[in-house]
Amino acid sequence: MSIEAPLASGAGPDDTPEPSLIARLCARHGDRPAALIEILHDLQEALGAVPDGALGEIAGRLNLTRAEVHGVVSFYHDFRARPAGPVQVKVCRAEACQAMGARALIERLCARQGVALGGTSAGGVTIEAVYCLGLCAQSPAAQVNGRLHARLTDDRLDAAIAAEAAGAAGAAA
Amino acid sequence: MTVTVYVPRDAAAKAVGADAVAAAIAAEAAVRGLDVRLVRNGSRGLLWLEPLVEVATPHGRVAYGPVDAADVADLFAAGFLAGGEHPLGLGPTDEIAYLKAQQRLTFARIGLADPLDLQAYEDQGGLAGLRQALAMAPEAVVEQVTQSGLRGRGGAGFPAGIKWKTVLDQPAGPDSPKYVCCNADEGDSGTFADRLLMEGDPFCILEGMIIAGLATGAAEGLVYLRSEYPDAIATMTEAVAILERAGWLGADIAGSGRGFRIEIRRGAGAYICGEESSMLESLEGRRGTVRAKPPIPAIAGLFGRPTLVNNVLTLASVPWILGHGADAYRDFGMGRSRGTQAFQLAGNIRRGGLVEMAFGVTLRELVEDFGGGTASGRPFRSAQLGGPLGAYVDAPMLDLPMDYEALADAGAMLGHGGVVVFDDTVDMAEMARFAFEFCEIESCGKCTPCRVGATRGRETVEKVLRGEDVARNLVLIEDLAELMRDGSLCAMGGLTPMPVLSAIRLFPEDFDRAPAVAAE
Ligand SMILES: Cc1cc2nc3c(=O)[nH]c(=O)nc-3n(C[C@H](O)[C@H](O)[C@H](O)COP(=O)(O)O)c2cc1C
Ligand code: FES
């Protein structure tokens, strides 16, 4: 079985996962259906997303139906069908961060980037909500391209985003 | 002479610049031609002081914090390598009041050494519990856990010994395995104790799991670790590999002829997967929908097999209990809450961090004496105890002893030990709305009271916020809450009413929106 749909743009050079990638990832986990979530994480790390087109092949490898795999992918907040922008901001809006002004911080961030929570700005910054990063004694907190930042202010958050944007631009050049 | 300097590698330290501090120390030492050995230790849990840098001096460890990379040259100039005075100086680490006043049993080792240094772990008492367990019959190990009075630290407070005994009593064989599952999903806002321990003393948790395997007859362990904790995933994965190489994990533990192996498995951003049956579904590779009980996991859990599900801290308490004896553990605490609890001070608090104390410490001691009041300096208004499904409390409740029963009697719960503080700017009606919204986002969708109730609840609180028919809508919320509490399949829907109703009961003025709206 092969990929049915091409990936959205921005996935990097390997737009279309070769069947061998999925086969390799499944084999790494012994083709066990119980390891489906690990396999999906690995795939998303490789491609930036779990594209719809990959589900059929994963299902075939693990002896599941495509509907079962789709059900799992859609259940978990981590998995995305399209890659995020070059800078992905996951900002905490759980209670401890709210107690330190996270809501207003998020609103101001979205306004500065000109994008609604959950969206990607024209400049390629994706802003999403998470619920607790385990940094609740140093709220507010966020993760920018996987790196954690706490005791956030508008300036610190902008600096973290700018640093990742510069890094992404450097990598693309 | 080589001087050892400690800069934590914990996520809480790295999130406020610890890597840059470590790099700056290495660079400055090189420039000055000084011989510095940098150790990346775990965090001491004094989180408002992170990055907390320590120097090993002939008179013990001396602390400085919070250190910024820009402070490093100045610290060298002040002679911090010899414990020199500096505005960031905190004196001997062990004398810091916040730390000195604590009763650290489970967290006795965090921050002392490189968390992946197995020799240091042993030197500081590690593996003593496991050695003890290897010399005992499984029944005797379970008896120790029972005698200690240890209760589950994941939230429900179920006696650990009873659960262990149930799993032990199930038949096992080569084709009918049993499992130990460590619940490291730690999704509650305001909690980070599991994370601190996974990053700061991973061997302790794994040692607890191995003991649990020996005691219950399970040969396989899984850690379900939330994906929001990449540093903990890396540290725990490495710790497993180190124990395998050292022969403490594998087919034959330390030549005992008994085997145990551990697999680290990632979650995928679903709060509900901390609920044990949903976690088991997820470990089987499925959607994390909750299972109806009975059967309980101890009888039919992972792949339908007997499974011991315990929280990180429950399992990590066991090595101490085996090493020091059940009675020594029992001596801490009050009533039916024995031992110590890892309290986590979070939110709007001046000195946030980890406070391990015997049960019975009052909320006031935690929030005021340890925590130093609010971070904003404004008056304390409320605290949410025990995560997003826990109750809000008000200032008159600050003298409550922190104990499972005392809190339950007061209409609150201890949960995983999180204390999230809010100052007087908090809008409690908004927090009630958020409680429903969180349930709406995170409900697994299997049962109607939780799935639909959360949405209806949010909408109804929004009407109250707009001042629409307030009295009638508040009655509706009470009815809905009762339905969710009594009709939900698990505590997600069952406990969401707790924050909502406690907010309404203790802070009715925040829900009295009609006049404000009418005046607009
Ligand atoms: C919605 C929900 C979320 C939960 N999240 C966690 C969690 O993150 N960690 C945890 O240990 N227990 C969590 N629990 C409790 C578990 O269901 C279970 O009681 C616990 O893992 C048992 O271990 P213990 O007896 O050692 O506490 C949660 C329960 C519910 C209802
Ligand atoms: S609540 Fe934001 S990090 Fe925990």
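Buried residues make up 54% of the 173 residues in chain A. The model is predicted. Chain A has 7 helices and 4 strands. Ligand 1 is surrounded by 20 residues, the closest of which belong to chain B. The largest nonpolar core holds 196 residues.

**Chain A: make-up and sheet**

- Along the sequence, the elements of chain A come in the pattern α-α-α-α-β-α-α-β-β-β-α.
- Take the contacts in chain A between residues at least 6 apart in sequence: 58% of them join residues at least 24 apart.
- The strands β2-β1-β3-β4 of chain A, in that order, form an open sheet of 4 strands with mixed pairing.
- At the edges of this sheet are β2 (125-130) and β4 (147-149) of chain A, each pairing on one side only.
- From one strand to the next, the twist averages 25°.
- Strand β1 (residues 87-92) of chain A runs parallel to β2(A), and 6 bridges join the two.
- A:V87 has A:V125 in β2(A) as its bridge partner.

**Nonpolar cores**

- In the largest nonpolar core, of 196 residues, the members that touch the most others are A:Y76, B:W164, B:L225, B:I262 and B:M402.
- Helix α10 (residues 202-216) of chain B supplies the largest share of this core, 10 residues.
- Another core lies apart from it, with 21 residues, including B:A13, B:A29, B:V62 and B:L75.
- Nonpolar side chains tend to be buried together in soluble globular proteins.
- Which residues does B:W164 touch, not counting those up to four places away in sequence? They are B:V141, B:V142, B:V145, B:I211, B:A212, B:A215, B:T216, B:L308, B:N310, B:L315 and B:V318.

**Strand β7 of chain B and its partners**

- Strand β7 (residues 220-225) of chain B has 5 of its 6 residues buried, so it is largely enclosed by the rest of the structure.
- Strand β6 (residues 179-184) of chain B pairs with β7(B) in the parallel sense, over 6 bridges.
- B:V180 has B:G221 in β7(B) as its bridge partner.
- Strand β8 (residues 261-266) of chain B also pairs with β7(B) in the parallel sense. This pairing has 6 bridges.
- B:R266 in β8(B) stands opposite B:L225. B:L225 is also among the core members with the most contacts to other members.

**Five-stranded sheet of chain B**

- The order β13-β12-β16-β14-β15 (chain B) describes an open sheet of 5 strands, with mixed pairing.
- Its edge strands are β13 (353-358) and β15 (392-394) of chain B, and each pairs on one side only.
- The twist averages 30° from one strand to the next.
- Strand β12 (residues 340-347) of chain B and β13(B) run antiparallel and are joined by 6 bridges.
- B:E356 in β13(B) stands opposite B:A342.
- Helix α21 (residues 497-506) of chain B lies across β14 (380-385) and β15 of chain B. The helix runs at about 20° to β15(B).

**Ligand 1**

- Of the 20 residues that surround ligand 1, the closest are B:G154, B:N183, B:N310, B:N311 and B:T314.
- B:N310 has a polar side-chain atom 2.8 Å from an oxygen atom of ligand 1.
- B:N311 has an N or O atom in its side chain 2.8 Å from an oxygen atom of ligand 1.
- B:E186 is placed with a polar backbone atom 3.1 Å from an oxygen atom of ligand 1.
- B:N310 links two topics: B:N310 is one of the residues that B:W164 touches.

**B:D427**

- Is B:D427 buried or partly exposed? B:D427 counts as partly exposed, because its relative accessibility is 26%.
- B:D427 sits in the loop between β16 (418-423) and α17 (428-442) of chain B.
- Neighbours within four places in sequence aside, B:D427 is in contact with B:L465, B:D510 and B:R513.
- The side chains of B:D427 and B:R513 are joined by a polar contact of 2.9 Å.
- B:A503 is 76 residues from B:D427 along the chain, and their C-alpha atoms are separated by 9.8 Å.

Definitions and conventions: Residues numbered from 1 in each chain as written. Chains lettered and ligands numbered in written order. Predicted model: local features only at pLDDT ≥ 70, side-chain atom pairs only at ≥ 80, totals over all residues. Heavy atoms only, no water. Core = buried A, V, L, I, M, F, W, Y, C linked by side-chain atoms within 4.5 Å. Buried < 20%, exposed > 50% of the residue type's maximum accessible area, 1.4 Å probe, protein only. Contact = heavy atoms within 4.5 Å. Pairing = 2+ DSSP bridges. Axes fitted to C-alpha atoms, helices over the stretch in contact; angles between N-to-C directions. Near = heavy atom within 4 Å. Polar contact = N/O pair within 3.5 Å; in protein donor to acceptor, adjacent residues only side chain to side chain.
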